[in-house]
Amino acid sequence: MKLILVFSLIVSLGVTLKVKPETIERWENAVAPYVEKCQKESNLSADVIEKMKLSEFPDDASFKRYLNCFHQNLKIMDSEGKVNEEKIVEHLWSDVNTVKKCVADVETESDNHQKSYKIVMCLAKAASDES
């Protein structure tokens with residue numbers, strides 16, 4: 001089942017962020033090989049998956065595990081929480097300055113799932129701002 005990429009349009013606390021279709025496509029292509037695996041590993045509910053199709057993404061534990069699964073598989077973050085900026089640029093976002101800012105914003109975060117969520121929120125906000 002093809003899902004709109006987790007990173008596509010992020011809605012946090014009910015606020016929709018508009019992202020360019022080409023950005024969404026880039027994100028979808030990056031995570032496509034891992035969607036099923038990450039859904040299973042995170043135990044993401046069918047409810048959340050349906051909301052994701054409507055570009056609504058919750059601030060909850062299974063969603064954060066889902067994001068972290070993508071980050072681990074794309075080598076964006078290792079199991080120790082070290083973020084690889086080059087991999088973010090390669091897979092998700094080409095603006096190095098934005099990537100550096102988003103990574104710096106989570107530098108002190110010790111929970112890897114929360115770190116993944118915050119990185120995605122930062123990138124989605126940047127994508128929304130450029131639309």
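Which residue does K37 form a salt bridge with? The partner is E41, with the closest N and O atoms 3.7 Å apart; a salt bridge here is a side-chain nitrogen of Lys or Arg within 4 Å of a carboxyl oxygen of Asp or Glu. The model is a predicted one, so local features need pLDDT of at least 70 and side-chain atom pairs count only at pLDDT 80 or more, while totals for chains, interfaces and linings use all residues. Residues are numbered from 1 along each chain as its sequence is written, and side-chain values use heavy atoms, with hydrogens and water left out.

K37 and E41 both sit in helix α2 (residues 35–42), 4 residues apart, or about one turn of the helix; helices (H or I, at least four residues) and strands (E, at least two) are DSSP runs numbered from the N terminus. K37 is partly exposed at 38% relative accessibility, on a scale where buried means under 20% relative accessible area, exposed over 50%, and partly exposed in between (1.4 Å probe, protein chains only).

Searching the whole structure turns up 6 salt bridges. Another one joins D105 to K101, at 2.6 Å from N to O. This pair belongs to helix α6 (residues 96–105), and its members are 4 residues apart, so about one helical turn separates D105 from K101. Both ends are partly exposed: D105 has a relative accessible area of 48%, and K101 comes in at 47%. K118 and E109 also meet through their side chains, in a salt bridge of 2.9 Å, N to O. Here the two ends fall into separate classes, since K118 is partly exposed at 36% whereas E109 is buried at 18%.

Now for the rings. A pair of aromatic rings is described by the distance of the centres and the angle of the planes. The structure holds 3 aromatic pairs, counted when rings of Phe, Tyr and Trp (its six-membered ring) have centres within 6.5 Å; planes under 30 degrees apart are stacked, over 60 edge-to-face, and the rest tilted. One of them, F63 with Y117, is edge-to-face, at 6.2 Å centre to centre and 85° between the planes. Because F63 lies in helix α4 (residues 61–73) and Y117 in helix α7 (residues 112–130), this pair ties together parts that are 54 residues apart in sequence. F63 is buried, with a relative accessible area of 0%, and Y117 is buried too, at 5%. Y66 and F70 make an edge-to-face pair as well, since their ring centres are 4.8 Å apart and their planes stand at 70°. These two are 4 residues apart in helix α4, so about one helical turn lies between Y66 and F70, and both are buried.

Setting aside neighbours within four places in sequence, I88 is in contact (heavy atoms within 4.5 Å) with I76, V83, W93, V99, V103, I119 and L123.
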